[in-house]
Amino acid sequence: MNALHQTWEKLIEEKIEKKQQKDPYRPMLHIAPPVGWLNDPNGLCQYQGVYHAFYQFAPFQAEGGLKFWGHCTSQDLLHWEYQGVPLMPDEPYDCHGAYSGSALIEEDTMYLFYTGNIKFSGDYDYITTGRENNTILAVSQDGSTVAEKELLMTNQDYPKDLTRHVRDPKVWKKDDTYYMVQGARTTENQGVVLLFTSKDKRNWTYLRRYKKEGGYGYMWECPDVYEIDGLTVLSVSPQGMKQEGLHYANCYQSGTFFLEGDFHVAEIAGEFRELDRGFDFYAPQSFLADDGRRIQIGWMGMPDVEEHQNKTVADGWQNMLTIPRELSIRDGILCQNPVRELEDWWNQIFFFEGNYYGKMEPCCEWKLTIEKEVSITLAEGLVLRYQESEGIFWMEFTDHELGGGRTIRGSEIKALSSMRILIDVSSVEVFLNDGTDVFTTRFYPKKEQYTVNISGNVKGIYCWHL
Ligand code: FRU
């Protein structure tokens, strides 16, 4: 640990000690930064039985800034404990940001692969000049501190037709070979995913790329490749896709393609499918738990958004991660549902049928069975509604103050039979038809606004924890 690392560690601790006491929107179940700004989940893994989640962390300002890796751990994927800041931009090769990356677990070692960002000051376009994205390996034995860092690749090692934007290594092992995907932007302004291989985790060879012609954006960030229920998924976060009707309504997108066949040779097959249709979802990453579950966590937020705000900035922090979601394939569709640990967490349960109006706990879950139509108003100003005759599910803020400026999102759904709504103080995650479609948003109710109003032909269960 060098002197810069030690100085920062002290400054971050001081910042946390002095954090504001008033914090009405802090979640109970979700990962949020103690102070400052959070973005992408990084290095998700289960190491020696414990779940680890790292995240992009700018500790000094709620509006963002220099990126570190924040760290937290959990026994059950629901209660997370902050563990400090193991990765810092403290070397010449990562001095302007320890950017996103992933974890590989082998025996008693955690290998963290990430991007070291360098941005020169001067008259640059920061696309083909003025910037470097290095691939770095950080090794940890205890999962909480980094023993050594090693520069593995620089822009000179990437294919020549790329801009300086190459980042977010996701690494896995298959048989006796290691694989790494990285997101990239070509000089033709096409988003692509690069595939590298290695026999020793340190020397990497570029093998090939995944790409798709025709309107999929100029840059693909945070790629992920995994096999699930016999299918191979390529997950990417494209920048620069144009809105098409109800699709791609956010500033940037996150979604999946299926790969046809073995990932060594496979091409992208089929269409891009958005992972989340709400306002706040980006840069998801997945990991394989010891029990074989493929679990995904996303950033409940989005870069470069101008239309809406997060009210927690006034409390000294901004953004959180989504609830960990179990992935599965049903009828050829990738489904996301809250991890099953959530089922056991609630200790109060109330059954109802037909309409319902009343107060709700700030952290609670609603599970509904629906016939043909439903309309739910949360906190007097967030409406979730569906009518089979129209065939569109809507998430609409009728109170713009409640949504910090968020407006409306929708998705075509032929039939809606079930719905789970997870509310955690300042977030709402809606899982439709057993996780086939998901809508995620932040919201900011006043204390007295924690109410729910349900109408339609509905049966439901309301769960909460005391
Ligand atoms: C995605 C992203 C990544 C990058 C990180 C920097 O939100 O832009 O591509 O590594 O954030 O914080």
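Is R26 buried, partly exposed or exposed?

1. R26 is partly exposed, at a relative accessible area of 23%; buried means under 20%, exposed over 50%, and partly exposed in between (1.4 Å probe, protein chains only). Its side chain meets that of D23 in a salt bridge of 2.5 Å, N to O, the term denoting a side-chain nitrogen of Lys or Arg within 4 Å of a carboxyl oxygen of Asp or Glu.

2. The model is predicted, so local features need pLDDT of at least 70 and side-chain atom pairs pLDDT 80 or more, whereas totals for chains, interfaces and linings use all residues. Residues are numbered from 1 along each chain as its sequence is written, and side-chain values use heavy atoms, without hydrogens and water.

3. The whole structure holds 29 salt bridges. Among them, R420 and E365 approach to 2.5 Å between their closest N and O atoms. This pair links strand β29 (residues 418-424) to strand β25 (residues 363-378), 55 residues apart; strands are DSSP runs of E, at least two residues, numbered from the N terminus. R420 is buried at 15% relative accessibility, and E365 is buried at 0%.

4. D291, R293, E326, R340 and E341 are linked in a salt-bridge network.

5. T163 lies in strand β9 (residues 162-174) and is buried, with a relative accessible area of 3%. A polar atom of the T163 side chain lies 2.7 Å from the backbone oxygen of R185, and the T163 side chain reaches the backbone nitrogen of H165 at 3.2 Å.

Notes. Helices (H or I, at least four residues) and strands (E, at least two) are DSSP runs, numbered from the N terminus. A polar contact is a pair of N or O atoms within 3.5 Å; within protein, one must be able to donate a hydrogen and the other to accept it, and residues adjacent in sequence count only if both atoms are side-chain atoms.
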